[in-house]
Amino acid sequence: MDDEERPKELPDVPAPAAARDAAERAEAQGGTAPHIAKPVKARRVNLALQGGGTHGAFTWGVLERLLEDDRLHIDSVSGTSAGGLNAAILVQGLAEGGRKGAIRALERLWRDVAFQLAASPLQNTPIEKLLWGYDLTHSVAYQAFDFITRAFSPYQFNPFPIEYNPLRRVIADQLDLAVLRRDPKAVKLFISATNVRTGKPRVFTRMEVDADVLMASACLPQIFRAVEIDGEAYWDGGYLGNPALWPLYHEGGAPDILMVQINAIMRPELPTSPADITNRLNEINFNASLMSEMRAIDFVQRLLDAGRLEQPRYRRIFLHCIDDEDRMRRFKLSTKLNGDWGFLQELRHFGYQAADRFLLEHFDDLGRESTLDIKKYL
């Protein structure tokens with residue numbers, strides 16, 4: 001990369017906070033302080049957060065671990081659906097109280113999700129939970145819900161002007177537009193939604209994001225009526241951008257895009273039951289736009305390698321991914337509507353561990369090369 005294209009260097013930062021805390025405790029107790037790594041250059045990254053209902057709690061755990069590592073500096077965040085909600089609260093928390101403020105804000109968000117969904121009829125009875133765990137597929141309530149949403153549109157089964165959606169209450173409780181928008185130099189935020197009339201994606205910036213935008217980004221049309229913004233109706237952004245990557249490199253900034261993926265790309269087994277077929281179709285549909293963008297980015301990078309494109313008009317992009325497909329594949333489609341606090345905590349734990357592994361194995365690759373296995377997307 002030429003000097004003129006290289007992003008502005010960030011200052012040296014000390015070793016992660018956990019190491020410094022251990023050294024301070026050892027010193028206070030009169031012991032020998034553990035070895036602390038030499039200062040390293042802070043790495044600037046962009047985050048791309050997928051949607052996936054309550055599986056977004058996996059992303060919560062990922063973000064918590066990334067925020068604990070002060071070697072990382074977040075330039076911008078793109079999110080869709082649950083990823084968009086995580087993204088908005090992350091940026092708001094950073095603006096309000098830095099890294100610790102963002103960690104607290106994300107925990108408040110997911111506690112509120114669990115609280116609001118505690119009143120949802122889509123829950124297993126104690127016996128059903130004993131039989132099927134967090135999977136709602138076979139529960140009486142979910143079977144009734146599945147039948148209704150297949151037989152009737154949300155305009156038919158709820159013709160009244162007031163629509164019950166626990167997400168709106170969560171957003172009303174957690175989103176503070178004054179904090180989110182007050183600093184023009186804050187982390188960039190991009191939220192995707194699908195324009196129903198044109199069939200095109202719309203990406204909302206931080207100054208445009210409000211409750212309706214977050215609702216639109218998470219609007220599943222089989223369950224909820226379209227959300228109207230500026231005279232246009234919008235559905236879930238995952239149909240055309242889950243999440244959208246192009247805003248993260250369109251305006252320059254950090255060359256690294258770190259995706260948090262919660263929808264499985266690969267499934268070795270053939271789905272044969274109606275529920276499993278629907279689940280696999282859901283994964284394919286909500287990964288399709290992401291895979292298209294990945295192919296386009298890979299194509300440009302290969303042309304750069306071959307010297308057929310000139311920099312800086314075309315620039316290097318380093319792609320990375322934090323996921324845990326082996327664990328996340330176990331969860332059925334119905335679990336994306338499960339707000340059980342124990343389930344959300346388990347997903348959070350999985351996400352935290354996945355991010356910890358990524359930092360251990362690939363932190364030094366940030367700013368240097370891609371660590372994503374692009375073959376998965378081609």
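Helices H3 and H13 meet in a right-handed crossing. In this predicted model, H3 covers residues 82-117, and the H3 and H13 axes lie 9 Å apart at an angle of about 145°. On the H3 side the contact is formed by Glu 107, Trp 110, Arg 111, Val 113 and Ala 114, while H13 brings Trp 341, Leu 344 and Arg 348. Sorted by class, the residues of this contact are five nonpolar, no polar and three charged.

Now for the packing of H13 with helix H2. H2 spans residues 56-68 and H13 spans residues 341-362; the two pack at an angle of about 45°, which makes H2 oblique to H13. H2, too, passes H13 in a right-handed crossing.

| Helix pair | Angle | Axis separation |
|---|---|---|
| H2 and H13 | about 45° | 6 Å |
| H3 and H13 | about 145° | 9 Å |

What about the protein as a whole? Its secondary structure consists of 13 helices and 10 strands. The protein has 378 residues, and 49% of them count as buried. Among contacts between residues at least 6 apart in sequence, 75% link residues at least 24 apart.

Technical notes: Residues are numbered from 1 along each chain as its sequence is written. This is a predicted model: local features need pLDDT of at least 70, side-chain atom pairs count only at pLDDT 80 or more; totals for chains, interfaces and linings use all residues. Side-chain values use heavy atoms; hydrogens and water are left out. Axes are lines fitted to C-alpha atoms, for helices over the stretch in contact, and angles run from 0 to 180 degrees between N-to-C directions. Helices (H or I, at least four residues) and strands (E, at least two) are DSSP runs, numbered from the N terminus. Angles under 35 degrees count as roughly parallel, over 145 as roughly antiparallel, 65 to 115 as roughly perpendicular and the rest as oblique. A crossing is left-handed if the near helix is turned anticlockwise from the far one by less than a right angle, and right-handed if clockwise. Buried means under 20% relative accessible area, exposed over 50%, partly exposed in between (1.4 Å probe, protein chains only). Contact means heavy atoms within 4.5 Å. Ala, Val, Leu, Ile, Met, Phe, Trp, Tyr, Cys and Pro count as nonpolar, Asp, Glu, Lys and Arg as charged, and the others, Gly among them, as polar.
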